[in-house]
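Here's a quick briefing to read alongside the model. Have the sequence and the 3D view open while you go through it.

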Amino acid sequence: MSTLWVGTSWKMNKTLAEGRAWASGLRDHLAEEMPAGVQPFVIPSFTATAAVGDVLGEGSPVLLGVQNAHWEDAGAWTGEVSVPQAKDAGARIVEIGHSERREHFGETVETTRLKVAAALRHGLTPLLCIGESLEVKDAGGTSEFILDQALGALETLDEQQLARVVVAYEPIWAIGEKGRPATTEELIAPFAALGEAFGGKVAGLLYGGSVNLDNAAELLGIEHVTGLFVGRTAWQLEGYLELLRIAEAHAAS
């Protein structure tokens with residue numbers, strides 16, 4: 001079985017002290033108990049990136065990420081952060097195209113393509129987020145919609161570049177505080193479509209959206225799912241550690 005990815009994005013949460021405490025607990029736990037067959041990753045807010053990286057330490061098995069990065073390496077882009085700057089702060093993953101970025105900050109398929117290319121250019125892992133609205137889902141257009149998002153960002157990549165990309169399917173109706181957990185039946189068709197297009201070609205096909213300790217094992221059992229991208233359940237360290245244990249058990253089964 002391929003490596004299972006288990007990661008979390010903190011969105012706009014946690015102070016420096018809170019981020020350091022979470023990272024310290026994870027570092028100490030993994031020093032004693034590293035889950036076999038699992039790739040942990042954490043994506044703090046920008047202000048905590050370097051601090052979390054310092055706590056995790058050089059050579060940490062945990063991949064550190066950022067929640068966004070610009071496609072240009074430098075320039076007059078006030079308020080933006082470049083991929084080289086993210087890398088300089090310790091990041092090894094760049095989250096790209098989250099639905100909140102698309103809805104509130106004008107992220108498009110074209111900008112996700114540019115950002116994927118920038119991340120790859122500098123040796124970082126692009127974590128491309130895709131997902132449809134409830135309206136698209138109810139109209140039966142889920143698979144076509146998410147494939148358009150993914151192919152639009154990835155279609156120019158060669159085989160070696162594509163193998164460095166992680167894709168996270170996060171249906172908009174299932175994420176956030178008001179999200180509704182997706183049923184296994186609702187995820188079979190989208191992952192079948194993603195598996196046909198990208199299975200064995202990308203580094204991981206992740207699911208995110210109201211992932212919790214009760215449904216994590218079942219989600220990992222869906223064909224073509226090779227990891228979880230988790231929100232609130234992983235913001236408390238014990239929740240994240242339990243997710244790692246669940247993934248390790250699945251990897252061993």
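This is a predicted model: local features need pLDDT of at least 70, side-chain atom pairs count only at pLDDT 80 or more; totals for chains, interfaces and linings use all residues.

Residues are numbered from 1 along each chain as its sequence is written, and side-chain values use heavy atoms, with hydrogens and water left out.

**The α7/α9 pair**

- Two packed helices are described by the angle between their axes and the distance between the axes.
- Here the axes of helix α7 (residues 142-154) and helix α9 (residues 184-198) come within 9 Å and cross at roughly 30 degrees. That makes α7 roughly parallel to α9 (angles under 35 degrees count as roughly parallel, over 145 as roughly antiparallel, 65 to 115 as roughly perpendicular and the rest as oblique).
- Axes are lines fitted to C-alpha atoms, for helices over the stretch in contact, and angles run from 0 to 180 degrees between N-to-C directions. Helices (H or I, at least four residues) and strands (E, at least two) are DSSP runs, numbered from the N terminus.
- On the α7 side, the contact (heavy atoms within 4.5 Å) is made by Thr142, Ser143, Ile146, Leu147, Ala150, Leu151 and Leu154. On the α9 side, Ala189, Pro190, Ala193, Leu194, Ala197 and Phe198 take part.
- Sorted by type, the residues of this α7/α9 contact are eleven nonpolar, two polar and no charged (Ala, Val, Leu, Ile, Met, Phe, Trp, Tyr, Cys and Pro count as nonpolar, Asp, Glu, Lys and Arg as charged, and the others, Gly among them, as polar).
- Serine 143 sits in helix α7 and touches Ala189, Pro190 and Ala193, leaving aside its neighbours within four places in sequence. Serine 143 is partly exposed at 23% relative accessibility (buried means under 20% relative accessible area, exposed over 50%, partly exposed in between, with a 1.4 Å probe and protein chains only).

**Nonpolar cores**

- A nonpolar core is a set of buried Ala, Val, Leu, Ile, Met, Phe, Trp, Tyr and Cys residues joined through side-chain atoms within 4.5 Å.
- The largest one has 66 residues, and those with the most contacts inside it are Leu26, Leu154, Phe191, Leu194, Phe198 and Tyr207. Helix α12 (residues 237-252) gives this core its largest share, six residues.
- Leucine 26 touches Leu56, Val62, Leu237, Tyr240, Leu241 and Leu244, not counting residues up to four places away in sequence.
- There's also a second, separate core of eleven residues, including Trp5, Ile43, Leu63 and Val166.

**Helix α2**

- In helix α2 (residues 49-56), the buried residues are Thr49, Ala51, Val52, Val55 and Leu56. Their cover includes α1 (16-32), β2 (38-43) and β3 (63-66).
- Just after α2, glycine 57 has a positive phi of about 90 degrees.

**Loop lysines and a strand threonine**

- Most residues other than glycine have a negative phi, and most peptide bonds are trans.
- Lysine 11, in the loop between β1 (4-9) and α1, has a positive phi near 55 degrees.
- Lysine 14, in the loop between β1 and α1, has a positive phi near 80 degrees.
- Threonine 125 is in strand β5 (residues 125-130) and counts as buried at 17% relative accessibility. Apart from neighbours within four places in sequence, threonine 125 contacts Arg92, Ile93, Val94, Arg164 and Val166.
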